[in-house]
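The sequence and structure come next.

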Amino acid sequence: SRAPTASTTAALAMGDALAVALLQTRGFARGDFALWHAGGMLGRRLLLRVAEVMHTGADVPRIGPDAPLAEGLLEMTRKSLGMTAVVDGTGRLLGVFTDGDLRRAVDRAVDIHRTPMRSVMTTGCKTIAPGALAAEAVHLMEQFKITALLVVDEGNVVVGALNVHNLFRAGVM
């Protein structure tokens, strides 16, 4: 004989509907869910900070503004993030050099051994703070159609870098 699965399924659906109605009545929001279930996928997505997924220290691609483009390319290749920060002597962000900047430099037929990074970098690049939510990094990347972000502190000093792969591995995307 068959078990009465239709009635048990209906009872489960009714219980879920009552739970959702109660949550809505009490104003239970996504952020509340994250606090109570921080280990779950939604909690991770809502609570994970940039500092927890970014590359730091020697893993962050950095180059000086007067270094030749050839050195910037080597730094990009070594760090495998698809970009490098262009920083001054104190680590403050001056600009970024990306794969897109490389394509534009090649189109202009620049001499990679003589052209300084300052003349091929992009200024006013998008950045994020280490305390920002990782979900905010995802939003910035989607909004501006970029695949990596530099992480800067209050003094505009580069403290980290991340790309979409870091966010995928962390379960945020």
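At 54% relative accessibility, S80 counts as exposed, where exposed means over 50% relative accessible area, buried under 20% and partly exposed in between (1.4 Å probe, protein chains only). This is a predicted model, in which local features need pLDDT of at least 70, side-chain atom pairs count only at pLDDT 80 or more, and totals for chains, interfaces and linings use all residues. Residues are numbered from 1 along each chain as its sequence is written, and side-chain values use heavy atoms, with hydrogens and water left out.

Most residues other than glycine have a negative phi. S80 is not a glycine, yet its phi is positive. A109 is likewise a non-glycine residue with a positive phi, and A109 counts as exposed. The elements named here are DSSP runs numbered from the N terminus: helices (H or I, at least four residues) and strands (E, at least two).

| Residue | Phi | Loop between | Relative accessibility |
|---|---|---|---|
| S80 | about 55° | α4 (69–79) and β2 (83–87) | 54% |
| A109 | about 55° | α5 (99–107) and β4 (127–128) | 64% |

A nonpolar core is a set of buried Ala, Val, Leu, Ile, Met, Phe, Trp, Tyr and Cys residues joined through side-chain atoms within 4.5 Å. The largest has 18 residues, and V50, I128, A137, L149, L162, L167 and V172 have the most contacts inside it. Two or more residues each come from α6 (134–144), β5 (148–152) and α7 (164–169). The largest share, five residues, is from α6. A second, separate core of 13 residues includes L81, A148, L150 and V152.

Beyond its neighbours within four places in sequence, V50 is in contact (heavy atoms within 4.5 Å) with residues including I128, A137, V151 and L162.
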